[in-house]
Amino acid sequence: MADVFKVGVAGLGTVGGGVVKLLLTNKDLLFKRTGRPIELAAVSDVRESRVAELGIPSSVRYYPDAVKMAREADVDLIVELIGGAGGVALDVCMAALNAGKGFVTANKAMLAHHGNDIGRIAEEKGLFLGYEAAVAGGIPIIKALREGLVGNNVSEIYGILNGTCNYILTVMRETGKSFDVVLADAQRLGYAEADPSFDVDGIDTAHKICILGALAFGVPIGLDALSIEGIRRISDIDIAYAEEFGFRIKLLGVGRRTEKGVSLNVYPCLIPQTAEIAHVDGVFNAVITEGDFVGHSMFVGRGAGEKPTASAVVADIADAVKHRGLPFLTVAETDVKSLPVVSLSEREGEYYLRFEVKDQAGVVADIARILGDEGLSIASMIQREQTGDTVPLIMTLHHAKEANVRRALEKIEKTDSVVRTPCMIRIERM
Ligand code: HSE
């Protein structure tokens, strides 16, 4: 009988519970596929009651203190499913690596903030480090980038990386309801957190795209250069007009590598309805890559939840069992190189604009003049008759440099006829 591979799981929340269930349910399948029995040998959670709730056998050692478990438990691998950028999760990580144990995590926030150090320490010590579940839940995108696409120069990677935002935008489109109403419904149904800011303000997407960008482009993981915009400012009006112009609105993490450098950003954008990613709805995630040999590839699946995330965690455990250690990113830590950051203000593309304007003579002419002064050309425009003192004026711009668009919007906002900060949404053709 092959040696037993022992695992300790820190954090028995939704994902931790899923991992425990998967290891117990698919035990025989995993043995056939890895060649070694995988034993859940230790668990930790502040709530001891979770052990009984999950039907964990009494032979599994329970630790109230996850760091102590990482340091002392007789296991080959620690799986961290506690979450949080630092604190206990980071202590567990460091304790596991310093004790010479492999480490698997689903913690995107910790990797976004400390991934370079964690990767360096694991590589120096020759220890397994897996993080498939940190990005896009059940979609094996880390494996795709580190293995399946390893022969390609990747020039673009972008995707719908947050199921909560995708769900909210989908329901807004389907029902015509406002962001606030749909968010409140989503919170009631358990699809959005009580404090939804990490999701709806784009921070979760930023954590994920900076990890994907590092893998795709061989740059260090870092949040500093990212511009992060969420979906709070997207109104039901924008969703309806986007449909009318032939687009859908999605929150994307967008990574590009050009001869000028790398840009990694998060913003909501209008995507043509003809693009396949425009039809990835609800809680689903999607990641698209452009490789120089493989071309365009799209990966779709469930980005969160007990079972999909557990599936990704266990994929890492199976790799650890088979000693399939790979560099932390696509290249060894020593080959990771910073590249110049291309700021979002240098973006060249199309734009959707919405102004709330006073319904009076000369308003459109004033706006068109300011746009013209910045060399910006209107591609289409809609203003409908409406009762009330103000009306929405919607337009799309032909290809333009973002710096010029921003300058024009600042000037337009200062005119008397515009009553609210203009709404600008980038158009991405893909
Ligand atoms: N909260 C995330 C989402 C899942 O809504 O997709 C974990 O990153």
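Author: A polar contact is a pair of N or O atoms within 3.5 Å. The model discussed here is predicted.

Reader: How far does a polar side-chain atom of Lys-108 lie from an oxygen atom of the ligand?

Author: Lys-108 is one of the residues that surround the ligand. The cut-off for a polar contact is 3.5 Å. The distance from a polar side-chain atom of Lys-108 to a ligand oxygen is 2.9 Å.

Reader: Which residue has a side-chain N or O atom 2.8 Å from an oxygen atom of the ligand?

Author: Asp-204 also has a polar side-chain atom by a ligand oxygen, at 2.9 Å. The residue with the 2.8 Å distance is Lys-208.

Reader: How much of the area that the ligand exposes when taken alone does the protein bury?

Author: Taken alone, the ligand exposes 260 Å². The part of this area buried by the protein is 81%.

Reader: How many charged residues does the shell around the ligand have?

Author: The surrounding residues include Asn-162, Gly-163, Thr-164, Asp-199 and Ala-304. Helix 8 (163-175) and helix 11 each give the shell at least two residues. By class, one residue is nonpolar and three are polar, while the number of charged ones is four.

Methods: Residues numbered from 1 in each chain as written. Predicted model: local features only at pLDDT ≥ 70, side-chain atom pairs only at ≥ 80, totals over all residues. Heavy atoms only, no water. Near = heavy atom within 4 Å. Polar contact = N/O pair within 3.5 Å; in protein donor to acceptor, adjacent residues only side chain to side chain. Areas by Shrake-Rupley, 256 points an atom, 1.4 Å probe, with all protein chains shown as cover. Helix = DSSP H or I, 4+ residues; strand = E, 2+ residues; numbered from the N terminus. Nonpolar A, V, L, I, M, F, W, Y, C, P; charged D, E, K, R; others polar.
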